Amino acid sequence: MVAGEDGCADGFSKYEALASSLPTSRQGLGSLPYRKHDGFWYPEHLMAPALAMRDAFAARPTDVILATMPKSGTTWLKALVYSVVHRGRHAPADERHPLLASSPHELVPFLHSLYESRSPSAPPGQLLEEMPSPRVLAVHSPFTALPASVRESGCRVVYLCRDPKDAFVSLRHYLDEIKPEGSAMTPSAEAFDLFCDGVSPFGPVWDHMAEYWKESVARPGEVIFLRYEHLKEDAVGSVMRLAKFLGCPFTGEEVARGVPEAAVALCSMDRMRSVEANRSGVHGTASWSFKNSAFFRKGEVGDWKSHMTPEVAQRLDGIVEEKLRGSGLSLAIHRGSASRRFGSGLS
Ligand code: A3P
C-alpha cells in the first residue's frame, strides 16, 4: 500500500482541503460548528475523516456496521452487538468478559475515528485489515455517505434511531460535558432552532433516519432499522431478533440457559456504568479524546419532558412528521408493539 491509498498520511491532506472549503454552520448545538456535505452537517473535525472513510474503507461481507445519529444509544448498541456476535469466544456471563474491562467504544471503533488517526505507524487501512472477522464497526455517517463496498459486499447494517426530542436533550448534556475548557455553549433556544432547521451533527435528523429506513425496506436481509424505545421496552426480544438478523441466532439450548438475558444484563446501564474503563477511561484520537463516563447518563425514554414544554416538543414533532411524510416511516410509539413492528419494519 502506498501512502495515501488508505485515506491517511499524504492522502489525508486532500480531504482536509476539501473539508475546509465546504459551507460552515458557524454555530453548532454545543461549542463547535459543522461543515455541510451532500446535504448533511458534520462536526468540523470529523468532516475530513468521514470523506477519507467513504473513499477508502473496504467492507467485508462478514462485517457488521452499526449506524446511528449521535445520542441514539450507540454505546448500548455497540455493547449488545459485540456480546451477541462474540458470545462463542466470550460468554456474556463470564466475569472476564472484554466488556467488563474495556469501553464499548474501544471494542467497536467508529470508522471515522480510525480515519482520523494520522499515525504513519498505524494507518487505518492496516488496522482494519488486521481486525479478525466478523468485524463490528460503527458510523454516524448518513447511508449515502458510506463507501459503496458496504452495499456491494452485502454486509449487515444495524441502524438504531431514537426520539429526536430525547436525542436532542441527551446531545446538549453531552456537548456541555465534553466542551473544550473555556468555550461557551450555544444558548438552548438557539440550539433548538438549529436542530429544527436540520443543523445538527450528521443531521438533518429526519433525512438521516429516512435514508436508512428506505434501505431497510429495500434490503431487509442486509439492513435492519431499530428503535431505542423498542430496545428499552423489550431488550431480550430485540437481542434475539438481532442475533437472527446477524446470522447467529440463539439456539434452543442457549435460550434455555438464559444466554440472551445474560447479554442484556451485561450491557445494562448499571453494569456498564460500574466498569472502571467506563467510569474513568477516555477514548479517541490524538486530537480529540472523550471521557467514557459521558456516554452513560440516564438512559430513559421521555426525558425530554423534564426539559421541554409540550409546545416546544410539538414544534419538533410536527417538523419531523412533516419531513418524514411519504417516507413510510413514522416515529409514533405504540407501547407493547415492538415485536410486531420489528419484523415488517412498517409502523
Ligand atoms: P441520555 O443522555 O438520554 O441518558 P450514544 O451512545 O449514542 O452517545 O447515546 C447516549 C445515550 O444512550 C445516553 O442517553 C445514555 O445514557 C444512553 N445509554 C448509554 N448506555 C446505555 C445502556 N446500557 N442502556 C440504555 N441507555 C444507554
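**Figure 1. The whole chain, before we zoom in.** The protein folds into 18 helices and eight strands, and what you are looking at is a predicted model. Of its 347 residues, 54% count as buried. Take the contacts between residues at least 6 apart in sequence, and 74% of them join residues at least 24 apart. The protein exposes about 15200 Å², with carbon and sulfur atoms supplying 53% of that area.

Figure 2. Start with T74: one of its polar side-chain atoms sits 2.5 Å from an oxygen atom of the ligand. K298 comes in through its backbone, with an N or O atom 2.6 Å from a ligand oxygen. S72 also uses a polar backbone atom, placed 3.2 Å from an oxygen atom of the ligand. How much of the ligand does the protein bury? Taken alone the ligand exposes 560 Å², and the protein buries 97% of that.

Figure 3. Is K71 buried or exposed? With a relative accessible area of 13%, K71 is buried.

**Figure 4. The largest nonpolar core, seen around V81.** This core has 103 residues, and the members that touch the most others are L29, F57, L66, V81, L111, V158 and Y212. Helix α3 gives the most to it, with eight residues. In general, nonpolar side chains in soluble globular proteins tend to be buried together. Leaving aside neighbours within four places in sequence, V81 is in contact with V64, L66, V136, L242 and L246.

**Figure 5. L246 and the end of α12.** One of the V81 partners gets its own close-up: L246, which lies in the loop between α12 (235–245) and α13 (252–257). L246 is buried, with a relative accessible area of 13%. Beyond its neighbours within four places in sequence, L246 is in contact with V64, V81, V85, R156 and V158. The R156 pairing spans 90 residues in sequence, yet the two C-alpha atoms are 6.8 Å apart in space. Within α12 itself, A235, G237, S238, V239, L242, A243 and F245 are buried. Just after this helix, G247 takes a positive phi of about 80°.

Figure 6. P134 is found in the loop between α6 (124–130) and β4 (136–139). The other bond joins G203 and P204, and here omega is about 10°. Where does P204 lie? Look in the loop between α9 (188–196) and α10 (205–218).

**Figure 7. F202, in the loop between α9 and α10.** F202 is found in this loop, which also holds P204. Phi of F202 is near 70°, a positive value in a residue other than glycine. At 1% relative accessibility, F202 counts as buried.

Figure 8. S25 lies in the loop between α1 (9–21) and β1 (34–37). How does a serine in a loop end up on the buried list? Its relative accessible area is 14%, and the label buried goes to residues under 20%. Not counting residues up to four places away in sequence, S25 touches P33, Y34, W41 and V199.

Conventions: Residues numbered from 1 in each chain as written. Heavy atoms only, no water. Helix = DSSP H or I, 4+ residues; strand = E, 2+ residues; numbered from the N terminus. Buried < 20%, exposed > 50% of the residue type's maximum accessible area, 1.4 Å probe, protein only. Contact = heavy atoms within 4.5 Å. Areas by Shrake-Rupley, 256 points an atom, 1.4 Å probe, with all protein chains shown as cover. Polar contact = N/O pair within 3.5 Å; in protein donor to acceptor, adjacent residues only side chain to side chain. Core = buried A, V, L, I, M, F, W, Y, C linked by side-chain atoms within 4.5 Å.
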